[in-house]
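Let's take a walk through this model, one spot at a time. Have the structure open and follow along.

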Amino acid sequence: MYCIDCVSILYVFFNIYFPKFLGFVNRKLYFHVIDSKIIHAACMRAAVTMMTIGVAIIEQERNRIFIPREPRINAIAQREFYIDSILNRGDRHCVEQIRMKPVVLYRLCDIFISRDLLRSTQNVSIREQVIVFLQTVGQNQRFHFISGIYYRSVETIHRYFKIVLKAVLKLYRHLIKDTEDTVPAKIMNNQRLYPYFTV
């Protein structure tokens, strides 16, 4: 691409500007008594100099190291590899990363799906949404750090964090029951518990 551009620049120069340059030299030197052979030799030297510069530019562009345009990292494969490394390196490692075992994570994802609280999108699965949320909350990480791990933009991480947070908050209807008027005998007869459960 660059070599073609250099050739076209040289072509334009020698066909448009160089004849004008020769005409300018001839007009300036016309009033002086100088042999035409000297004028011709000076013009030829200028032409050879310009051609040498053009060839040097073309060679420099040919030897230039070009950076490929395609990405060097396959973000999708790296993301899946990282998620699999969290879930498949053992329960202890998984608990250290997202504060729950893989079995519990899959059960939580099933609850979100069955109650229609979360949906997979074209680019982000439910599993990834939940893991990103749990890792952000469990590790107290910033969105910038999480976005670097998952090769996503900060805006994407922030958006799915809010989506999962709203889904978690909606679970209270299914997990928390309203208090009854009567206090269970086990609590009422225990002096250590009962005062804290009075209304």
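A cavity here is a set of grid points where a 1.4 Å probe fits but cannot get out, and its lining residues have an atom within 4 Å of a point. Keep in mind that this is a predicted model.

With that in hand, how many cavities of 30 Å³ or more does the count come to? The count is 1. The largest cavity has a volume of about 40 Å³. Around it you'll find Val124, Glu128, Gln129, Val132, Arg152, Thr156, Ile157 and Tyr160. Helix 6 (126-139) and helix 8 are the elements that give two or more residues to that lining. Sorted by class, the lining has 4 nonpolar, 2 polar and 2 charged residues.

Ile157 from that lining turns up again where helix 8 meets helix 7. The axes of helix 7 (residues 143-150) and helix 8 (residues 154-170) come within 8 Å and cross at roughly 105°, so the two helices are roughly perpendicular to each other. Helix 7 brings Phe143, His144, Ile146 and Ser147 to the contact, while helix 8 brings Val154, Ile157, His158 and Phe161. That makes 5 nonpolar residues, 3 polar ones and no charged ones.

Now hop over to Met100, in the loop between helix 4 (91-98) and helix 5 (102-114). Is Met100 buried or exposed? Met100 counts as buried because its relative accessibility is 17%, and the cut-off for buried is under 20%. Leaving out residues up to four places away in sequence, Met100 touches Cys94, Val95, Leu105, Leu108 and Leu134. Leu87, 13 residues from Met100 in sequence, is 10.0 Å away, C-alpha to C-alpha.

Terms used: Residues are numbered from 1 along each chain as its sequence is written. This is a predicted model: local features need pLDDT of at least 70, side-chain atom pairs count only at pLDDT 80 or more; totals for chains, interfaces and linings use all residues. Side-chain values use heavy atoms; hydrogens and water are left out. Axes are lines fitted to C-alpha atoms, for helices over the stretch in contact, and angles run from 0 to 180 degrees between N-to-C directions. Helices (H or I, at least four residues) and strands (E, at least two) are DSSP runs, numbered from the N terminus. Angles under 35 degrees count as roughly parallel, over 145 as roughly antiparallel, 65 to 115 as roughly perpendicular and the rest as oblique. Contact means heavy atoms within 4.5 Å. Ala, Val, Leu, Ile, Met, Phe, Trp, Tyr, Cys and Pro count as nonpolar, Asp, Glu, Lys and Arg as charged, and the others, Gly among them, as polar. On a 1 Å grid over the protein atoms alone, a cavity is a set of points where a 1.4 Å probe fits but cannot get out, and a pocket is an open set with protein on both sides within 12 Å along at least five of seven lines; lining residues have an atom within 4 Å of a point. Grid points are joined across faces, edges and corners, and a volume is the space filled by probe spheres set on the points. Buried means under 20% relative accessible area, exposed over 50%, partly exposed in between (1.4 Å probe, protein chains only).
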